[in-house]
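Reader: I'd like to go through this one and ask what sits behind each label. Can you show it to me first?

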Amino acid sequence: MSQRTQENEEPRVGVFVCHCGGNISDVVDVEKVAKTISKDPRVKYATHFMFMCSDPGQNMVAEKIKELKLNRVIVAACSPKLHELTFRKVVAKSGLNPYFYEHVNIREQDSWVHSHEPEKATEKAIRLIEGAIERLTRQNPLKPGKKKTVPHALVIGGGVAGLTAALELARRDIPVTLVEKSPFLGGRVTQIDNIYPTGEDGKDLVDDLIQKVLKNDLITVRTNTEVVDASGSIGDYQVTLKITPRGVEEDVEGLDKAIEICPISVDNEFDYGTTKRKAIYKPYPKAVPNLPAIDWNTCTRCGECLKATNNKGINLNPEFKEDTIRVGAVVMATGFKPYEPLPGEYGYGEDPNVITLPQLIRIMENMDPNSKEFIYNGRKIKKIAFIHCVGSRQIEGVHTPKEGKELNTYCSRVCCSTTLWAANRLKKRFPDIHMFDLYRDIRTYQFYEDIYEEASRNNVVFVKFPDEEIPQVKIVKDDKGLFRIETTDILLRGKTVAVPADLVVLAVGIEPNPIRDLIEIFSIPYGSGGFLLEGHPKLRPVESSMEGIFLAGTAQAPMSIQETIIAATAAAGKAATILTKPEIELSPFVASVNLDKCEGTGRCVQECEYNAIELKEANGGKKAVIDPSLCAGCGACVPVCPNRAITLEGYDIDQILAQVEGMLKGVKAE
Amino acid sequence: MEKFDAVIVGGGIAGMQAALDLGDQGYKVLLLEKQASIGGTMIQLSKVFPTLDCASCITTPKMSAVSSHENITLWTLAEPKKIEPNGDRFKVTVFQKARYVNEKDCTGCGECEQACPVIIYDDGYDESLGPTKAVGVPFATAMPQKAVLHDDYCIFCGKCARACPTDAIDFTQRDKEIEVDAGTVILATGFLQTPTIKEEYGGGRFKNVITGKQMDRILAPTSPFGGVYRPGDGKIPDSIAFVQCAGSRDKSIGVPYCSAVCCMYAIKQATLLSAALPLADITIYYMDIRTFGKGHEEFYEQAKAMGVNFVRGKVAKIKEKEDGNLIVRVETFGEDGRIEEFEHDLVVLSLGLVPQWYPKGIVNVDIDETTKFIKLIKPMTDPTLTSMPGIFVAGTAGGPKDIVESIISGSAAAMKAAEWLNGKLRDAFFAKELDVKQVTN
């Protein structure tokens, strides 16, 4: 087997074993590893060091390359996800081909998982490195390809996160298409009329942002628009959009009347079902775009509305269209939805006076501003009980998951502050109201502690119930109130208390909007609760590990508005870093086809999940042709080819076999 | 006057991230760090929640990237003395302390430190737990890897100068002031722990009552003790208590707010201690457990499952016994609801975060009157903006944040700074009214 080197030199390997500050060296005998490896004649230098990734560690690699004319470098350390790139840069700076570098994982794949067997872990580290030496000494001097970047971003979601991301990108001179699934911009924030901690109306806050977005020539806003398909990869995606017609095409006279006479009445999602709306509707007077829209799921196309507008402006049989755009990066700003309690959960659905916190906020905005009393469902509300952690911090064996779903084990972060902010507002408006707050831990973090203090001053009665208990909401209709909630109060030394209430408000948590389709279209990893997963919480906090996809706001995790805006700005910044450069470097680890061997069976085409392979006429027959910009280097096509015509660059079959043999050197079959 | 696109004040994780983001986009950055090394608080830490990555593994490569970046100029021992608007730009007067070591010649070999006879315990890298010398490289992974001589402690004996193989020690260096021109400024000045002034907890006098940061140093791979021992007498502790809200949610010490990270760092330390000392009892006394970040609640549940004892109750007082053990007085919520006392041999105060730097007299940005952090003038819509157009805030300088949030805010501030530099944000500030175009569909 011929050894291929950059300058056809004999391989001179340097091996650097990292302690990872004890993460590795507490288990693996790093000294022994270095000593054993140095016996290999190809290894010209082997050592170990506290933190290879630190500056002294990196300098050591560079110096040894120079001093000993090393032409192959191995660092045995953490996962390559963390620091493979770090060391490739060091190797490249020292004048070597950056792919003459191999990162051996002896932390996640060794010391962490074999912490109770240090000797075997040491042996494993040695074998992993020996395998790497075999592969690396057979490595070609790979050269990454390049691809032109489409300097255009797609932002999915027209709430605060998406609006912010779009605006920030446009301010960096990057054209943006912003798509919003619903007919109106603004998202959840428009549903909150008074936002902690500033008391601003969410509609004003969003409107300010929307106006800036609309004034910006670089941003194209498309409402009622969904992403239904996409192909391509970082730098160049082709995205298919499905555009649902608005139905209302022109601002004509009589539209208000049209809404009034529409005979259809359905639950108004803007008010979380506490009011009704028509099939032709506008969520609030200043909604943007300001034209009403038709809800095609409920409209019967009866034509009543057309009577109000003299048959003008409304088209009840419009065309549903598709459009394709090309973008270089995608910002996911798909937002959240409040947890919907199960039927009967804390009495929800059993009595209309058990409501959720988002419903309470809508009810408060829709209330007669002059009313001196809080009347709900015809009942004067004198006592309110708030119950926290509904749909959050769920515990196995205590809480019930939704069908086909896992428990929401996470904390939703914003519900404590939102609840107490609402309580304080209620107290201000209705000074005689009594409020009880049933909680597990009050999490008014950072400066929101003020809100908690104010609630205490407002005589909100706090009842701390145990984590593993569910307060029992009973409908009693006695002279104390409509409900009695029985629970243990830790603050009263574990006594059982009965809290009376006329209204029960469930502080429901945050769930990501259901975006399974988008997750599949763009192959985006997601984690617990269905929230989109970041590449690494500290190294790539607003980027998906699927390159070219950026995460903004509550699609990633529960966040406050302020945190959402910071995240969206950061995500836009990361996207801008790619989109302001004319081209991006592609991974050289891609599959390539030997056209002489290929017989055009098409098996690889079926196997490829990235649509990177096509059968094309070439060399006098149908041949598989791979687009390196789409190839993810997964290798799935290699073994299915009956003619062994496909090679994965950097991981060819000879290399892999040699690596396996290297690992198993001296091992006898049992 | 040297010209930069951006001056970033503070070389902690937020400032480094902002510098790297701007540098990667081709902007010329000057990064000012008050200490002799960049890295900030994060480089002192052991492992970081909730993934238990080692802090160094995240920080040192960023430190290295900053120092070798073609677009980033790094000045250590440097802080702004004055930042003032200068037309559309800023004039920044930098005060740089003398290092007394020629950076060009110093190889970071450590001979000077060996030779120095002055042993000091200061609140630097090892949080006064371990000795350092009046001269030496600040710590093993310091960036730059250059010695620094502390003139407050130096007795000018000259031993270091004689020991230095490259004659890099230079007693003639003087502090200096340098004026630079900058298009924008990012303040990433970070935080300090709440001071241990609370008398009820010993006011900093009890030997076996340590701070949260000290516990992190003890648990770090670069621990000054090389293991978990209590500082008073080197005993291995069997019973360790964490006192939550020891420096937050407490008006008596001027910190009414919640510091947002102490619950998680205490739980992280408890988790690491459970592994280091499997037989030790670990108790966390708390008011509310606030594990609200991504993956944090699950981390808390895991600690409970590992046997960490969570006791609801605010610690009222700590007393020191003659043998160095501590008596912790706490109102628990058991059935009889007594005020109880428990004995522990090591107590960790989970202190909060207060601002490290006050802009008064240096730059005219507003600070929040209650919290003293730099005031965010548009907290909801533009949370990196200060009261001075063109000056942005990143990381904990604007309020308590964990590491992930600090990194994200560093990136966000960098983005805003870039928009300021290309003039677009300026236009937005002085709103140029344009016609509103139609929304497609």
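**Where the two chains meet**

Author: Between chain A and chain B, the count of salt bridges comes to 13. This is a predicted model, in which local features need pLDDT of at least 70 and side-chain atom pairs count only at pLDDT 80 or more, while totals for chains, interfaces and linings use all residues. Residues are numbered from 1 along each chain as written, chains are lettered from A and ligands numbered from 1 in the order written, and side-chain values use heavy atoms, without hydrogens and water.

Reader: Why is A:Asp467 called buried?

Author: Buried means under 20% relative accessible area, exposed over 50%, and partly exposed in between (1.4 Å probe, protein chains only). A:Asp467 has 11%, so it counts as buried. Its salt-bridge partner A:Arg440, 3.2 Å away from N to O, is buried too, at 1%.

Reader: How do you know that the length of helix α14 of chain A agrees with what it should span?

Author: The expected span is 1.5 Å times one less than the number of residues. With 19 residues, α14 of chain A should span 27 Å, and its end C-alpha atoms are 26 Å apart, so the two agree. As for cover, 19 of the 19 residues in α14(A) are buried.

Reader: What is the area that chain A and chain B bury between them?

Author: About 7200 Å², with 56% of it on carbon and sulfur atoms. Buried area is the accessible area (1.4 Å probe) that two parts lose on being put together, summed over both. A:Arg171, A:Arg493 and A:Lys538 supply 12% of what chain A buries against chain B, more than any other three residues.

Reader: How many residues are in contact there?

Author: 93 of chain A with 90 of chain B, where contact means heavy atoms within 4.5 Å.

Notes: A salt bridge is a side-chain nitrogen of Lys or Arg within 4 Å of a carboxyl oxygen of Asp or Glu. Helices (H or I, at least four residues) and strands (E, at least two) are DSSP runs, numbered from the N terminus.
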